[in-house]
Amino acid sequence: MMMISLHYCRTKEEWKNRTIYQLLTDRFASTKSNSTSCDLGNYCGGNFKGIENNLDYIKNLGFDAIWISPIVQNYDGAYHGYAAKNIYQINEHFGTAQDLKDLVNACHQKDIWVMIDIVANHMGNQDLDFSRNYPFNQSSHFHDLCEISDKDFATHNLVNIERCRLFMLADLNQDNSYVANELINWIKWVVSEFNIDGIRIDTAMMVKGEFWKKFTEATGIYSIGEVFDGDMGFLKQFIGPMDGLLNYPLFFTLRDVFLHWGDMYRIESFYYNQLQTYGKNNIPFMAQFNDNHDNARFLSDEVNGIEASALKIIQFKAFTAFTLTSIGVPIMYYGSEQLFTGGGDPKNRELMWNSFNQNSDTYKFIKKINQARKAVNAGAQEQVQRYADNDFYAFTRGQLFAAFTSKYDRDITRKITYHPYVDGTKLCNVLFAGDCVLVQNGSFQVYLRNGEVKIFLPDNIIAQIE
């Protein structure tokens with residue numbers, strides 16, 4: 001029987017003030033390889049020590065949490081971590097158990113929290129030979145063989161989604177008391193043994209909510225579930241069993257609005273529908289993101305058939321700025337700050353370790369936004385819509401004022417009369433020195449040129465972070 005040591009649990013309330021940098025352990029940094037290329041469908045050499053050696057790059061960018069790949073031993077070639085073989089062994093390609101502990105300790109010394117990706121839906125074998133799995137090595141530990149179809153996903157057929165295989169990966173049967181109890185004991189051990197601060201739950205829709213509720217409550221830490229679907233009504237049932245979800249409905253909305261010169265009123269409608277669907281108290285724990293490992297990157301030519309042109313970079317920066325400042329727990333995918341352009345899996349899982357440029361324009365852009373968010377403790381503040389029309393959208397988070405447009409061929413000027421500032425307040429754009437406006441007679445003007453983003457703070461706060 002495994003001994004569980006004491007662990008300080010990071011609550012979901014504490015996570016509201018964090019910003020997460022998602023990375024793939026095999027792709028971020030390596031102490032074993034300095035290659036500039038590799039077979040992206042296999043291991044490339046990234047490891048825990050490589051991450052540890054480059055934490056300052058993440059810290060300086062303004063992130064105070066990382067999300068790393070699943071940590072357990074996988075079947076051959078499963079560099080991503082989603083094909084578990086032995087859940088009590090650490091993936092030897094990433095390092096040792098001590099290497100992982102060293103990484104977490106180094107993170108905590110820099111006030112960076114660690115979220116791990118976990119898989120409790122399936123094991124990594126794609127056949128009926130369960131003997132290589134540990135501890136789930138009996139056929140009774142798994143559902144009978146069937147495969148989830150595209151129609152099952154499209155129609156939200158949870159009967160099949162919960163019992164059939166994804167990509168033919170052996171589907172665990174959590175109705176089996178041994179399986180359920182072992183998974184719960186395992187996650188308690190992982191969180192305690194490695195001092196983990198949060199978990200991202202893979203394939204969350206493929207397991208019954210009753211199990212997830214017991215699983216997440218056993219950890220005592222913040223949990224984000226992955227439900228790869230844009231239907232808020234469908235997602236709603238998974239909030240509660242998990243603290244929050246990856247906010248795919250927002251991802252799809254923002255990507256479409258910013259990429260296709262969309263109507264900014266759609267953002268207003270999104271937030272209204274989200275409030276009605278999830279309830280006010282749940283929204284701060286949803287997790288918004290600008291890209292991830294399951295989707296072609298925004299800047300890929302696979303998205304809208306457009307390469308990473310100057311215009312598309314402006315659109316991507318607007319999308320990323322919205323992600324980092326809006327309500328919820330922000331997640332940014334590694335390489336965004338270096339304008340990575342990878343397409344669908346595995347092209348969106350590029351090598352990072354020759355790209356640690358802290359002077360790039362986008363790196364500095366993101367750094368300034370993160371500094372602004374922290375300066376006013378925006379994560380703990382309400383999000384209040386201050387203006388919305390077809391071409392312009394603005395909100396505040398406490399003293400932070402964020403303004404966006406989806407129109408990139410014109411100048412946009414709006415008079416803001418609904419805001420939290422007193423007359424005489426000087427508001428300055430954190431993204432461009434000297435760009436300031438004065439609140440007079442209860443209002444101020446916001447001017448956006450060709451799709452730019454502006455993030456305003458009172459000048460006395462700006463002075464503290466420069």
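This is a predicted model: local features need pLDDT of at least 70, side-chain atom pairs count only at pLDDT 80 or more; totals for chains, interfaces and linings use all residues.

**Entry 1: helices α8 and α9**

I began with a pair of helices, since two packed helices are described by the angle between their axes and the distance between the axes. I looked up α8 (residues 177-194) against α9 (residues 209-219) and found axes that come within 9 Å and cross at roughly 25 degrees. Angles under 35 degrees count as roughly parallel, so I wrote down α8 and α9 as roughly parallel to each other. I noted the hand of the α8 and α9 crossing as right-handed.

Next I listed who touches whom. From α8 I have Ala 180, Leu 183, Ile 184, Trp 186, Ile 187, Lys 188 and Val 191, and they meet Phe 211, Lys 214, Phe 215, Ala 218 and Thr 219 of α9. Sorted by class, this contact of α8 with α9 holds nine nonpolar, one polar and two charged residues.

**Entry 2: α8 by itself**

I stayed with α8 and checked its span. Its 18 residues reach 26 Å from the first C-alpha to the last, close to the 26 Å expected at 1.5 Å a residue.

Which residues of α8 are buried? My list reads Val 179, Ala 180, Glu 182, Leu 183, Ile 184, Trp 186, Ile 187, Trp 189, Val 190, Val 191, Ser 192 and Phe 194. I then asked what covers the buried residues of α8. The cover includes the strands β3 (72-74), β4 (84-90), β5 (113-118) and β6 (198-201), along with the helices α5 (97-109) and α9.

**Entry 3: helices α11 and α13**

I turned to a second pair, α11 (residues 248-259) and α13 (residues 310-325). Their axes come within 9 Å and cross at roughly 145 degrees. I recorded the crossing of α11 and α13 as right-handed. On the α11 side, the contact uses Phe 251, Leu 254, Arg 255, Phe 258 and Leu 259, and on the α13 side Lys 312, Gln 315, Ala 318, Phe 319 and Phe 322. By class, I have seven nonpolar, one polar and two charged residues in the contact of α11 with α13.

**Entry 4: backbone spots**

I went through the backbone with one reminder at hand: most residues other than glycine have a negative phi, and most peptide bonds are trans.

Where are the cis bonds I noted? One joins Tyr 134 and Pro 135, with omega about 5 degrees. I placed Pro 135 in the loop between β5 and α6 (150-154). Another cis bond runs from Asp 345 to Pro 346, with omega near 10 degrees. Pro 346 sits in the loop between β9 (331-333) and α14.

For positive phi, I marked Phe 167, which is not a glycine and has phi near 55 degrees. Phe 167 belongs to the loop between α7 (158-163) and α8. Its relative accessible area is 60%, and over 50% counts as exposed, so Phe 167 is exposed.

I also marked Asn 441, again not a glycine, with a positive phi of about 50 degrees. Asn 441 is in the loop between β15 (436-438) and β16 (444-449). With a relative accessible area of 75%, Asn 441 is exposed.

Thr 362 was one of my stops, and I found it in helix α14 (residues 361-375). Is Thr 362 buried or exposed? Its relative accessibility is 5%, so Thr 362 counts as buried. Leaving aside neighbours within four places in sequence, Thr 362 is in contact with Ser 336, Glu 337 and Leu 339. I also checked Lys 317: it lies 45 residues from Thr 362 in sequence and 7.7 Å away in space, C-alpha to C-alpha.

Ala 403 came up in strand β12 (residues 400-405). At a relative accessible area of 0%, Ala 403 is buried. Not counting residues up to four places away in sequence, Ala 403 touches Phe 392, Tyr 393, Ala 394, Val 446, Leu 448, Glu 452, Val 453 and Lys 454.

At 26% relative accessibility, Tyr 387 counts as partly exposed. Beyond four places in sequence, I found Tyr 387 touching Phe 392, Tyr 393, Ala 394, Arg 414, Lys 415 and Ile 416.

Notes: Residues are numbered from 1 along each chain as its sequence is written. Side-chain values use heavy atoms; hydrogens and water are left out. Axes are lines fitted to C-alpha atoms, for helices over the stretch in contact, and angles run from 0 to 180 degrees between N-to-C directions. Helices (H or I, at least four residues) and strands (E, at least two) are DSSP runs, numbered from the N terminus. Angles under 35 degrees count as roughly parallel, over 145 as roughly antiparallel, 65 to 115 as roughly perpendicular and the rest as oblique. A crossing is left-handed if the near helix is turned anticlockwise from the far one by less than a right angle, and right-handed if clockwise. Contact means heavy atoms within 4.5 Å. Ala, Val, Leu, Ile, Met, Phe, Trp, Tyr, Cys and Pro count as nonpolar, Asp, Glu, Lys and Arg as charged, and the others, Gly among them, as polar. The expected span of a helix is 1.5 Å times one less than its number of residues. Buried means under 20% relative accessible area, exposed over 50%, partly exposed in between (1.4 Å probe, protein chains only).
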